[in-house]
Amino acid sequence: MKKADKYLWRIGSPPPRLDQHSAVKHRIIESYVRDYISTLMAPAHIPRLQLTLVDGFSGGGAYLDEAGQGLVDGSPALILRAVQDARRSLNFGRDKPRELSVDFEFIDAIPDTTQYLEYWLRGRADEGAIDQSDLARTRVRCGKFLQELPRLIADVKRRKMGERAIFVLDQYAYDQLPMHDIATIMRSMKGSEVILNFNVGSLITFLSDRAANRRPMERIGLDQYIPWGQLKHLKLTGEWRHVLQRDIAYGIRKEAGARYATIFFVRPFGSNTWDYWLIHLSNHYKAHEVMKNLHWKNA
């Protein structure tokens with residue numbers, strides 16, 4: 001099924017249904033943003049945090065729940081809500097509030113989708129689910145993430161008090177996001193991190209030493225980590241998936257230029273049982289530790 005067939009947002013029509021495994025992914029992202037802020041602001045003498053939060057494949061911001069009965073938030077609203085929760089927690093009982101200066105960038109390539117996202121976020125702000133002040137610092141852009149990336153990097157680098165940015169990249173297909181672009185994010189900003197969705201099950205299931213398979217791997221920069229000449233023999237063993245996953249995971253961390261990587265291994269329910277990874281890439285141990293703690297909680 002193509003993404004366009006499954007994920008359609010249009011004002012006046014019901015949003016798509018949220019799969020259970022996607023709900024888990026959203027919960028991890030929301031929890032990480034909240035815990036990340038709380039960890040950075042743990043020293044009571046820090047008065048202010050400057051942060052940019054980017055959702056590069058944002059979707060329309062709302063879904064039907066798994067039963068198809070009610071509406072639930074997608075990652076953009078959950079990210080906004082995580083900041084609101086962290087702010088309230090930091091300032092509870094304080095006379096002099098501590099400032100979370102957060103800029104939000106939500107990007108999707110489909111005009112109907114970004115229109116729906118703007119409509120949904122306005123409604124959630126009117127309901128008090130997210131702060132109006134955060135909505136005022138939210139930019140929703142219709143465009144392709146890789147085309148927007150140079151602007152995003154330049155904007156983060158212009159902002160004072162560090163270059164802290166978290167990029168949530170939930171692309172549908174594994175070959176949509178080359179590793180050298182992720183390396184650009186990691187290299188260009190001192191405090192940047194990436195939370196990457198990677199459809200490893202689909203990749204490994206159809207992997208073979210043919211041009212049709214090798215080209216996508218070359219395009220994303222992971223071809224050198226695949227033992228192409230041994231694939232046929234390897235698939236006769238019981239360990240072939242484990243071996244390929246290990247090699248691909250190493251390649252992602254290496255090519256992304258990340259010192260630390262945490263991988264959530266997610267297996268969906270239902271007819272599509274292809275595994276995928278939610279990967280956190282960072283060059284800072286404190287950020288790695290926050291995500292590692294979440295990994296244990298959600299194991």
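In this predicted model, glutamine 50 has serine 101 of strand 4 as its bridge partner. The pairing of strand 1, which spans residues 48–55, with strand 4 runs in the parallel sense and extends over eight bridges. Strand 4, formed by residues 99–108, is mostly covered, with nine of its 10 residues buried. Strand 4 also pairs with strand 5 (residues 138–142), again in the parallel sense, and this pairing comprises five bridges.

The packing of two helices was examined next. Two packed helices are described by the angle between their axes together with the distance between those axes. For helix 2 (residues 20–40) and helix 3 (residues 75–91), the axes come within 8 Å and cross at roughly 30°. Because angles under 35 degrees count as roughly parallel, helix 2 is described as roughly parallel to helix 3. The crossing of helix 2 and helix 3 is right-handed. On the side of helix 2, the contact is made by His26, Ile29, Glu30, Val33, Arg34 and Ile37, whereas helix 3 contributes Ser75, Leu78, Ile79, Arg81, Ala82, Val83, Asp85, Ala86 and Leu90. Sorted by class, the residues in this contact of helix 2 with helix 3 are nine nonpolar, two polar and four charged.

Terms used:
Residues are numbered from 1 along each chain as its sequence is written. This is a predicted model: local features need pLDDT of at least 70, side-chain atom pairs count only at pLDDT 80 or more; totals for chains, interfaces and linings use all residues. Side-chain values use heavy atoms; hydrogens and water are left out. Axes are lines fitted to C-alpha atoms, for helices over the stretch in contact, and angles run from 0 to 180 degrees between N-to-C directions. Helices (H or I, at least four residues) and strands (E, at least two) are DSSP runs, numbered from the N terminus. Angles under 35 degrees count as roughly parallel, over 145 as roughly antiparallel, 65 to 115 as roughly perpendicular and the rest as oblique. A crossing is left-handed if the near helix is turned anticlockwise from the far one by less than a right angle, and right-handed if clockwise. Contact means heavy atoms within 4.5 Å. Ala, Val, Leu, Ile, Met, Phe, Trp, Tyr, Cys and Pro count as nonpolar, Asp, Glu, Lys and Arg as charged, and the others, Gly among them, as polar. Buried means under 20% relative accessible area, exposed over 50%, partly exposed in between (1.4 Å probe, protein chains only). Two strands pair if DSSP finds at least two bridges between them.
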